Amino acid sequence: MSEGTLYDKVWDRHKVTTLPTGQDQLFVGLHLIHEVTSPQAFGMLRERDLEVAYPELTHATVDHIIPTADQSRPYDEDAAEEMMSELEENVREAGIEFSDPNSGDQGIVHVVGPEQGLTQPGKTIVCGDSHTSTHGAFGALAFGIGTSQIRDVLATGTLAFEKQKVRKIEVEGELGDGVEAKDVILEIIRRLGTEGGVGYVYEYAGSAIEDLGMEGRMSICNMSIEGGARAGYVNPDETTYEWLEETDYFQENPEKFEELKPYWESIRSDDDAEYDDVVTIDADELEPVVTWGTTPGQGIGITEPIPEPESLPADKQDTARRAQEHMRVEPGETMEGYNIDVAFLGSCTNARLPDLRRAARIVEGREVHDDVRALVVPGSQRVQKTAEEEGLKEIFEEAGFEWRNAGCSMCLGMNEDQLEGDEACASSSNRNFVGRQGSKDGRTVLMNPRMVAAAAITGEVTDVRELPEAEVTAQ
Amino acid sequence: MSGTDDVEIPEVDYVSGSGVPIRGNDIDTDQIIPARFMKVVTFDGLGEFAFFDLRFDEDDDQKDHPFNEERFQDSSVMVVNSNFGCGSSREHAPQALMRWGIDAIIGESFAEIFAGNCLALGIPTVTADNETIQALQDWVDENPDGELEIDVETETVSYGSETIDVTVDDAQRKALVDGVWDTTALMKSNAGAVRDTARELPYVESEAIPEAE
Ligand code: SF4
């Protein structure tokens with residue numbers, strides 16, 4: 001069993017008791033809710049005549065169903081309007097703070113929490129969304145939960161949970177040009193498998209991780225769940241503290257910053273912490289990674305050949321065959337040159353400001369390919385606003401991208417942004433499951449945001465390293 | 001009203017019924033319930049949308065899928081392969097299966113959040129190795145009316161003349177067998193200790209901690 005890791009320390013600080021099931025009852029420091037997975041939980045509370053126990057530690061936003069084009073109310077789609085109204089009523093009744101679209105703070109739940117300083121090191125953070133692992137970038141213990149568990153957290157401020165093992169993933173060295181955090185995590189999932197992390201929490205460490213800004217760390221922690229790990233984290237450091245200091249919460253409560261810093265320092269993994277497993281990855285070796293299949297673990301370097309199903313472990317062969325059929329790719333070929341119909345720059349993995357800035361540098365002065373429908377969906381209203389002030393919107397629009405309002409959008413196709421028929425999409429999101437982007441014949445190729453920009457321009461999967469960056473006028 | 005005390009939580013130490021084989025690894029939650037069916041504020045009507053895109057084509061005509069087959073319509077035990085339920089945390093997935101009629105799932109392995117969500121509904125997710133599962137799937141295929149008996153407590157599954165050992169996660173087994181899988185009431189009874197834990201955490205402001213009831 002691990003000892004002295006951030007995970008152990010945060011767990012111990014939040015443990016209320018051990019339940020008769022052998023699970024621990026954990027206190028939840030921040031409960032984030034959104035419109036898709038919470039209404040049923042509020043319904044369960046009403047059925048049992050229970051109230052929200054810790055409304056001040058709960059925060060709501062709307063992201064999954066919100067239209068990203070026309071957001072005037074009532075929404076065009078009745079079901080979306082109903083879910084939004086339900087959320088509005090629930091938060092009003094319970095006195096829960098809501099980053100609604102009129103606040104200028106709305107956005108994808110995993111973008112909003114960190115922006116406002118709600119996400120902090122050493123907190124336990126849960127949300128009815130599997131990408132809650134994102135918040136681990138700050139040294140929080142953050143994981144996704146189901147709706148019955150949302151009910152538990154609403155009703156009690158706690159959760160029944162089993163302690164897991166800790167795997168340290170050390171990424172040492174330096175990332176090459178054109179290689180990003182997204183490539184690191186796609187590579188990790190490819191090596192360890194989509195199930196490799198089941199039963200584990202991932203601690204990301206090593207010089208390549210320390211060199212990343214908070215956004216890159218978030219991209220990595222975000223996709224922990226794609227590797228089977230329910231949570232992933234990075235130990236807090238000066239990069240973390242610099243981000244926190246700028247957020248609303250610490251701008252409004254500067255004294256809190258000094259007050260909490262010793263706590264943040266105290267929960268860092270000890271130098272001699274014990275792990276259940278350690279994996280090392282050489283950052284210098286990596287190249288941009290793209291997926292060729294229908295699970296995030298089916299990735300390859302952009303210059304590498306798509307594997308023969310027979311060369312894979314026995315239990316992966318069948319899935320690989322079906323995936324190659326669905327994607328219409330041939331083993332032995334590379335993904336370079338794969339035709340793209342749609343380019344989606346968005347999602348809680350890669351729709352933060354630096355993501356859009358980097359992609360804009362590829363797009364600037366170029367034009368979206370005639371056969372490509374390209375859209376940028378900023379992760380939050382704040383990202384959107386700053387990007388517009390910096391002139392990024394103009395760059396994207398001049399190139400032929402649509403510039404949208406904040407939301408999950410085509411990451412999961414719950415609003416009007418969906419793939420049609422068998423369209424192929426270069427996507428900066430995190431899941432390439434069949435049907436994920438709204439069409440069951442749709443084909444998703446996951447990649448980093450600069451690679452998405454490159455694909456939008458050329459109309460095919462392209463090694464972004466071969467596309468020189470435009471002179472940077474935007475900043 | 002006395003709140004959660006009214007909720008009766010049954011013990012799930014034994015589940016029986018006929019089986020339905022769902023073959024394939026890495027069947028994700030988007031396949032179990034496509035996102036477009038999640039635009040609902042209750043789970044009530046989800047059963048008919050289970051595996052929807054695997055069951056119907058564009059014109060809503062039926063495709064080959066066990067959930068469409070007449071002989072499996074009364075089945076309540078699903079037999080699946082590895083990493084079943086990977087992907088999102090949507091409880092809509094087990095809710096849809098439960099409302100279709102599934103009471104228990106036997107498989108090679110399950111995604112963690114999915115298994116947790118099943119537990120919250122009192123649905124056991126028990127595991128066995130690849131060979132055992134394949135044999136079981138074949139048997140179910142040949143015996144669609146055959147009875148499967150899952151003994152959660154002793155970790156066995158009986159079918160035909162066979163009894164096989166399966167694995168049930170310790171916490172899951174205890175929760176099901178003792179009838180404490182619905183944790184709300186249990187955890188609510190510790191409200192005092194919860195407040196104490198909160199008070200010890202430097203980031204929790206005292207105003208955020210509710211007064212004792
Ligand atoms: S952006 Fe995609 S992955 Fe992230 S919360 Fe929204 S739907 Fe989920």
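Two strands count as paired if DSSP finds at least two bridges between them. Strands here are DSSP runs (E, at least two residues), helices are runs of H or I with at least four residues, and both are numbered from the N terminus. This is a predicted model, where local features need pLDDT of at least 70, side-chain atom pairs count only at pLDDT 80 or more, and totals for chains, interfaces and linings use all residues. Residues are numbered from 1 along each chain as its sequence is written, chains are lettered from A and ligands numbered from 1 in the order in which they are written, and side-chain values use heavy atoms, with hydrogens and water left out.

On to the sheet: chain A has an open one of four strands, in the order S11-S10-S9-S12, with parallel pairing. Strands S11 (231-233) and S12 (277-282) of chain A sit at the edges with a single partner strand each, so one side of each has no neighbour in the sheet. On average, neighbouring strands of this sheet are turned by 20° against each other, direction ignored (axes are lines fitted to C-alpha atoms). Strand S10 (residues 200-205) of chain A runs parallel to S11(A), and three bridges join them. Look at A:Tyr202, for instance: its bridge partner in S11(A) is A:Gly232.

## Where chains A and B meet

Counting contact as heavy atoms within 4.5 Å, chain A brings 76 residues and chain B 63. The two chains bury about 5,800 Å² between them, 57% of it on carbon and sulfur atoms; buried area is the accessible area (1.4 Å probe) lost on putting two parts together, summed over both. In chain A, the residues losing the most area to chain B are A:Thr21, A:Arg48 and A:Lys440, together 11% of what that side buries.

A:Arg48 also forms a salt bridge with B:Asp182, with the closest N and O atoms 2.5 Å apart. The rule (a side-chain nitrogen of Lys or Arg within 4 Å of a carboxyl oxygen of Asp or Glu) finds five salt bridges across this interface. Helix H5 (residues 147-156) of chain A gives the largest share of the side of chain A that touches chain B, seven residues.

## A salt bridge within chain A

Over all chains, the salt bridge count comes to 50. One of them joins the side chains of A:Glu180 and A:Arg358, at 2.7 Å from N to O. This pair links distant parts of the chain, 178 residues apart: A:Glu180 lies in the loop between strand S9 (165-172) and helix H6 (181-192) of chain A, and A:Arg358 in helix H13 (residues 353-363) of chain A.

Key
Axes are lines fitted to C-alpha atoms, for helices over the stretch in contact, and angles run from 0 to 180 degrees between N-to-C directions.
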